[in-house]
Amino acid sequence: MTVVKPLVLDVDGTFLKTDMLFETFWAGLGSDPIATIRATAANFRHPERLKAELARIAPIRTDLLPVNPEVADLALRSRMAGREVVLASASDRSLVTRLAADYGLSERVFASDVTRNLKGPLKAAELVGAYGERGFDYAGDNTVDMAVWERAENAIVVGQVPQARELAARGQNVVEIGGGWNWRALVKALRPHQWVKNVLLFLAMIAAHRFDLATLVPILWGIVAFSAAASSIYIVNDLLDLEADRLHPTKCRRPFASGDVPITVGMAAFAALAVIALGVAAALNLAFFGVVVLYMVTSLAYSLKLKRMRWIDISALAALYTIRVIAGAAAASVDVSVYMLIFIFPIFITLGCVKRLTELTLATSDERLPGRGYGRPDRGDLLNVAMLGTFWALVIFFLYSLSDQGRALYPTTWILWVAMVPMALWLVRMVMLGWYGKQDYDPIVFAMRDKFGIGLLMIILSLMFWAAGLWSQWFGG
């Protein structure tokens with residue numbers, strides 16, 4: 001009688017396109033950051049204890065974790081052929097057991113516990129003790145798996161592991177399966193299309209009528225710094241939102257949620273981008289450096305906690321947009337008008353409401369949005385707040401036109417009043433597009449692509465230049 005040897009699969013990076021240790025770490029930061037940081041600091045040199053503690057703090061949903069399709073297909077074909085398919089992982093036993101149950105694999109698993117970290121030679125010894133020398137096939141993805149491959153009948157290598165060529169040179173059967181990640185997916189995770197929001201840094205320059213190179217160049221460098229800072233926070237936000245994104249109809253395709261980019265690569269990219277942002281900011285001036293730090297701290301607070309708090313999240317979004325305007329003033333050492341800050345804040349409150357309205361309109365159920373505090377019954381309240389923000393923005397703009405500063409910069413006051421018409425139309429249109437779910441999940445990004453809206457904004461800007469007398473200065477007469 002022929003004995004069918006079991007197929008043993010490593011989990012992190014092999015059966016899964018992610019790593020459960022880092023999954024639990026980021027899930028823990030999202031649910032209980034203090035406990036997670038404390039557990040990490042206390043058990044950093046004891047990975048077996050750290051894995052068990054993080055699994056306890058943040059019991060992740062293993063059924064949502066991204067699976068390597070080729071390895072999953074191999075497991076399915078092996079099961080249909082009557083082979084036992086077993087998971088053997090350095091991840092915590094509680095997670096590995098649940099993962100095996102999710103996919104109908106063998107109830108027998110090999111995994112870490114609070115007393116041992118099952119990897120490398122220790123995993124090899126455990127498997128040989130259970131199945132005998134050459135008594136199993138093993139799939140892995142890392143050089144640490146060499147110790148296991150050497151004692152398996154067939155070595156299944158996932159991704160690029162150059163050392164595995166030594167096995168083939170010694171006559172062992174080696175099967176290679178695709179894996180790894182690519183730079184394009186990482187660039188997508190940086191969300192470069194979101195950098196368009198940093199045009200807000202130009203507002204202070206435009207409002208102050210400063211159009212010289214001495215003002216423009218530092219603002220351009222400021223945009224570089226803010227783009228790097230924003231992308232670093234987008235990475236953190238995505239890592240904190242892994243489970244919520246996997247439950248979302250479109251966000252589930254994001255690079256980290258889908259497993260297209262490893263969490264460790266994301267962490268390294270975050271650190272590099274943060275260094276670039278802070279380095280450029282420090283090179284400009286101390287005030288701008290402080291604004292960038294404020295932005296990053298506020299963004300982290302938003303990602304960790306504030307975005308889950310009803311109404312506070314919208315105020316935080318408005319604050320983050322407003323900080324960009326302040327950053328432009330700090331980068332170029334331009335005085336920013338208090339009136340302008342009071343004017344733009346309710347506009348950004350409106351746009352924050354539009355963002356949530358769009359998400360709720362496009363939601364597929366009446367349940368609360370994953371990771372957010374809103375459900376479809378809140379659409380009416382969000383609409384009311386959005387319209388209230390629009391009203392107050394227009395009132396403040398009108399009062400500014402009557403102020404001493406407004407009259408000094410814009411002598412032809414009545415033209416400013418005319419500009420309020422397309423301004424009101426733009427804001428109301430943005431709100432209604434969000435109400436009907438006909439725009440992007442980010443209203444600022446949508447506004448930069450919306451041709452009709454851009455036309456309205458250009459009309460507003462032209463009228464303000466006319467009111468300031470800039471057209472006659474530039475073109476004469």
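This is a predicted model: local features need pLDDT of at least 70, side-chain atom pairs count only at pLDDT 80 or more; totals for chains, interfaces and linings use all residues.
**The cores**

Start with the largest nonpolar core, which has 51 residues; Trp26, Phe226, Phe288 and Tyr295 touch the most other members. The top contributor is H11, with 13 residues.

Setting aside neighbours within four places in sequence, Tyr295 is in contact with Phe226, Ala229, Ala230, Leu320, Ile323 and Arg324. Apart from this core there is another one, of 47 residues, and its members include Ile344, Ile396, Leu427 and Phe446.

Now for helix H15, which also holds Ala318. Is Ala318 buried or exposed? Its relative accessible area is 0%, so Ala318 is buried. Once residues up to four places away in sequence are left out, Ala318 touches Phe345, Phe348 and Ile349. For a sense of scale, take Ala318 and Arg108: they sit 210 residues apart in sequence, and their C-alpha atoms are 52 Å apart in space.

**Cysteines**

How many disulfides does a search of the whole structure find? The count is 0. Two of the cysteines make a handy contrast in accessibility. Cys353 has a relative accessible area of 0% and is therefore buried, whereas Cys252 comes out at 27% and counts as partly exposed.

**Salt bridges**

The model has 22 salt bridges in total. Three of them are set out here.

| Salt bridge | N to O distance |
|---|---|
| Asp10 and Lys123 | 3.2 Å |
| Arg61 and Asp63 | 2.8 Å |
| Arg116 and Asp113 | 3.8 Å |

Things look otherwise for Arg61 and Asp63. Arg61 has 36% relative accessibility and so counts as partly exposed, and Asp63, with a relative accessible area of 36%, is likewise partly exposed. In the bridge with Arg116, Asp113 is partly exposed at 23% relative accessibility. Elsewhere, shared partners join salt bridges into one network made up of Arg191, Asp238, Asp245 and Arg254.

**A nonpolar patch on the surface**

Finally, the outside. Which residues form a nonpolar patch on the surface? They are Tyr339, Phe398, Leu399, Leu402, Trp414, Trp417, Val418 and Trp466, and together they have about 760 Å² of accessible area. Helix H17 (379–402) and helix H19 (413–435) each supply at least two residues of the patch.

Trp466, one of the patch members, lies in helix H21 (residues 451–468). With a relative accessible area of 47%, Trp466 falls between the 20% and 50% limits, so Trp466 is classed as partly exposed.

Notes: Residues are numbered from 1 along each chain as its sequence is written. Side-chain values use heavy atoms; hydrogens and water are left out. A disulfide is a pair of cysteine sulfur atoms within 2.5 Å. Buried means under 20% relative accessible area, exposed over 50%, partly exposed in between (1.4 Å probe, protein chains only). A nonpolar core is a set of buried Ala, Val, Leu, Ile, Met, Phe, Trp, Tyr and Cys residues joined through side-chain atoms within 4.5 Å. Helices (H or I, at least four residues) and strands (E, at least two) are DSSP runs, numbered from the N terminus. Contact means heavy atoms within 4.5 Å. A salt bridge is a side-chain nitrogen of Lys or Arg within 4 Å of a carboxyl oxygen of Asp or Glu. Patches are made of residues with over 30% relative accessible area and no salt bridge: like charges are joined within 9 Å, nonpolar side chains (Val, Leu, Ile, Met, Phe, Trp, Tyr) within 5 Å. Accessible areas come from the Shrake-Rupley method with a 1.4 Å probe; for residues, only the protein chains shown count as cover.
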